[in-house]
Amino acid sequence: MSTFGLERTLMPRSIAVVGASPRASSLGKFIRRNLEKAGFAGEVGIVNPNYASIDGEPVHPDIASLPFVPDLVVITAPAAAIPDIIAQAGARGAAGAVIISSGLGHGEGSIAAAVLDAARAHGVRIIGPNCLGIMFPALGLNASFAARHPALGSLALIAQSGAIAAAMVDWGAEKSIGFSGVVSVGDQLDVDVADLLDYFALDHRTRAILLYVESVKDARKFMSAARAAARVKPVVVVKSGRMPQGAKAAATHTGALAGSDAVYDAAFRRAGLLRVFDLRELFDCAELLGRPGCPPRGRNLAILTNGGGLGILAVDRLAELGGRAAALRNEVTARLDAVLPPIWSRTNPIDIAGDADQIRYVAALDILLGDRDSDAILVMNVETAVAPATDIAEAVAGRVSEHRERNGLLSKPVLATWAGTDRTVAPIFDKAQIPHFQTEDDAVRAFTYLVRHREATDALMATPLNVSSLFTPAVGAARKIVQGALKDNRAWLDPIEIAGLFTAYSIPIVPTLAARNAEDAVARAEPFLAQGQDVAVKILSRDISHKSDVGGVMLGLATRDEVRAAARAVIGRAMRAQPNARIDGVVIQPMIVRRSARELILGIADDPTFGPVVAFGRGGTAVEIVRDKALALPPLDLNLARDLVGRSEIARLLAAYRDVPAVPADAIPLTLVKLSRIASDLPEIHELDINPLLADESGVVALDARVAIRPPARMFAGQTRLAIRPYPTQWERRLQLKGGWRVDVRPMRPEDEPAVIALLRKVSPEDLRLRFLHPIKEFPHPFVARLTQLDYARAMAFVAIDPGTGEVIGIVRLHSDSHYEKAEYAILLRSDLKGRGLGWELMQLLIDYARAEGLTSLFGEVSNENTTMLTMCRELGFDVTSNSREPGISTVSLNLAPADGEPSRHRG
């Protein structure tokens, strides 16, 4: 994890404020006052060489003269002085610094670079510069210049904007919603959003994380941390800068469609984050996530109201946002009949009439809380003279509280809207921790947030379908095509090369033949014409990417003479339009006529932040006008590809309608998976367009495609371009053990979940206790999913497989910090196979992997009862020491640094 040094930085026991002065506008003075007001109980010292005291409090000339070692240094000093302050703090033993000051510059030779050098030399973590500060109510810590101090709660806020952080704190105070921590990251010189996601994901005080993001610095680190955090708690993000003034120039339609914000949206979706689009929505999400309760199981909402019009508005909005009004079974309707007057609506929304009092509300609510067909309840009220709104709110809040006490984590979510009286009843709902909203629109949107969060979590935990049996790419042949074109200093593959590339990845493409001249074109077209097929003639030039723009395409040619004339015509037009272009002849393709075909676009685009993205949508000549597209980050599995298709508008036309047959269910998703493999295997491919891809009941076929290439630019450590590190096939191998026993070993895949469960069931309870350091009796899906769904950017697990049975018989794994320096390991073997050398070989493989990745050390925690493991660790060269925090546990560690004279290896 990237939490090195953050525990002492964010939860300090002592603080030095550097830069305070007697001036009323002094930020340092204001921060010192905030620390005092918030009730920070640790030691606080002020450092400023220009003053002996401030407001009667002693001031020290430098950090070295403080009577204590500060865990945290808060700096408001001039920019030029900060590198020396950081060096002093590090030399004294400080863990971290919050730099409020701005004006440190950027890049090589700047003050910021000098600050970072000083911090790294001493292991000091830096928050900022140019930030509001940090606030942790549990510690009474307000090391910021915010006007208000947040209340204690369960929301963590990470914001790139200090103004947004301050606004959220103010809003929380008004809504009685508190925070576990607030961090304004500023310029993110060191500690960034990803580091803090790692920190708050493990923080037991934090129930949910709120993000305000303007940009992402390191996409791979961000995606790794975001996916890990979203697996354990809700993460909500709002990003500014959604509407750029101009679109980037792109060589392909796919590139033009993949705008920056759309790629961020795809990244957030892939990470399992809940994206909202303004501060109001972020506040509403905080209102929800700061309250207890579990997410709804599905999209069915029951609406209980005393105002029919308000209920209908809520149902309309629910349908618009993709939710469903829960159906009322006959049994539920009968139970409601027994407690409601005959005039109730007998449908959802459940209108219990304008004269409803608290008794009627609670009677109906009791029935809906027990109804298995609704996933959540929205209770609404319009105040009448019959029953005060506050009395009804008190009764509803009491009944919901009782329901939670009885059902705990299984309690059904309940939301409230009291039209026109929200402020009056707000304290009642706040006390009962029931999310409440001023309008039905706000409440329904909030319900959809809960649904989206649940669906995102389920998607993160879903077991991917194995497609390895459906196609096996000829990667070597594809790579040879691309490398040949690069060697020729070309930026585009020609149509013949594209056909070869697609054949290597089993992507159907119309037969494509090259002809040097008009007579050669006739000869190439002859077999198609003989079968009664018309043909197309297209210009063949490695310098012309948009053939139609130069009149380089002629279609529907039925005779030899038409083909001859067309070939001469397109060559002549191309030469006139682009006199300097190399003309290699023409391409002959049979005309594909499919009456019910849908025209689609599929492709790969290159994003400067996240690298390759896969695009899908409606194709054809008007693709950039219609702009029906959806994006996803590779690598894709079949589930992710299905989701990508489902998010486009044209998805609805892929099913059967009228006399048009349906497209085979996975024909398009499987093609997207193949494109994803191309993006993973061939980083030289800069952009790729298939437009159109025809899809009908017989499957799919590419009619036209363009592929742009260039030498790959390294964006991330290891694999050069993908923000999500793909499956590392190069670590698949066969090991030979004692007695000639051979086992297959490969990196773990998400689809290994059933095999891992089978392994766990064949491990003795005692061995499970020694592995997990506590008894394990059940293996629920979320538990196993966390073991099998690896982020290869920070973790690795190797599974050993018996070739005879296909069973997983052992697992060894490591998980690194985000600096990719240190990693923790663990190992588990089938109990009946111990003593045959499998554990030793798996550990050797893991050590080889760690060294190849450039990691500096490998460590683990081993029960002192596990003497076999401790003995093996000593034989492998691990140091074994007692764990001072946990009696009965030993810490084992192995230095992976290369020996003198041995070159270090970096991840590739």
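Two strands count as a pair if DSSP finds at least two bridges between them. In this predicted model, strands β33 (residues 795-801) and β34 (residues 808-816) are joined by 7 bridges and run antiparallel. If you want a spot to look at, find A797, which sits opposite R813 in β34.

## The sheet around them

Zoom out and you'll see an open sheet of 8 strands with mixed pairing, in the order β31-β32-β33-β34-β35-β36-β38-β37. At the edges are β31 (733-736) and β37 (879-882), each pairing on one side only. On average, neighbouring strands here are turned by 25° against each other, ignoring direction.

Helix α27 (residues 838-852) packs on this sheet, and its direction makes about 30° with that of β34.

## A helix with buried residues

Now look at helix α25 (residues 765-772), where D767, L768, L770 and F772 are buried. What do the buried residues of α25 pack against? Their partners are α24 (753-761), α26 (781-788) and strand β36.

## Two helices crossing

Elsewhere, helix α10 (residues 279-289) meets helix α16 (residues 440-461): their axes come within 10 Å and cross at roughly 70°. That angle makes α10 roughly perpendicular to α16, and the crossing is right-handed.

On the α10 side, the contact is made by R280, E281, D284, C285 and L288. The α16 side brings in D442, R445, A446, Y449 and L450. Sorted by class, this contact has 5 nonpolar and 5 charged residues, with no polar ones.

Terms used: Residues are numbered from 1 along each chain as its sequence is written. This is a predicted model: local features need pLDDT of at least 70, side-chain atom pairs count only at pLDDT 80 or more; totals for chains, interfaces and linings use all residues. Side-chain values use heavy atoms; hydrogens and water are left out. Helices (H or I, at least four residues) and strands (E, at least two) are DSSP runs, numbered from the N terminus. Axes are lines fitted to C-alpha atoms, for helices over the stretch in contact, and angles run from 0 to 180 degrees between N-to-C directions. Contact means heavy atoms within 4.5 Å. Buried means under 20% relative accessible area, exposed over 50%, partly exposed in between (1.4 Å probe, protein chains only). Angles under 35 degrees count as roughly parallel, over 145 as roughly antiparallel, 65 to 115 as roughly perpendicular and the rest as oblique. A crossing is left-handed if the near helix is turned anticlockwise from the far one by less than a right angle, and right-handed if clockwise. Ala, Val, Leu, Ile, Met, Phe, Trp, Tyr, Cys and Pro count as nonpolar, Asp, Glu, Lys and Arg as charged, and the others, Gly among them, as polar.
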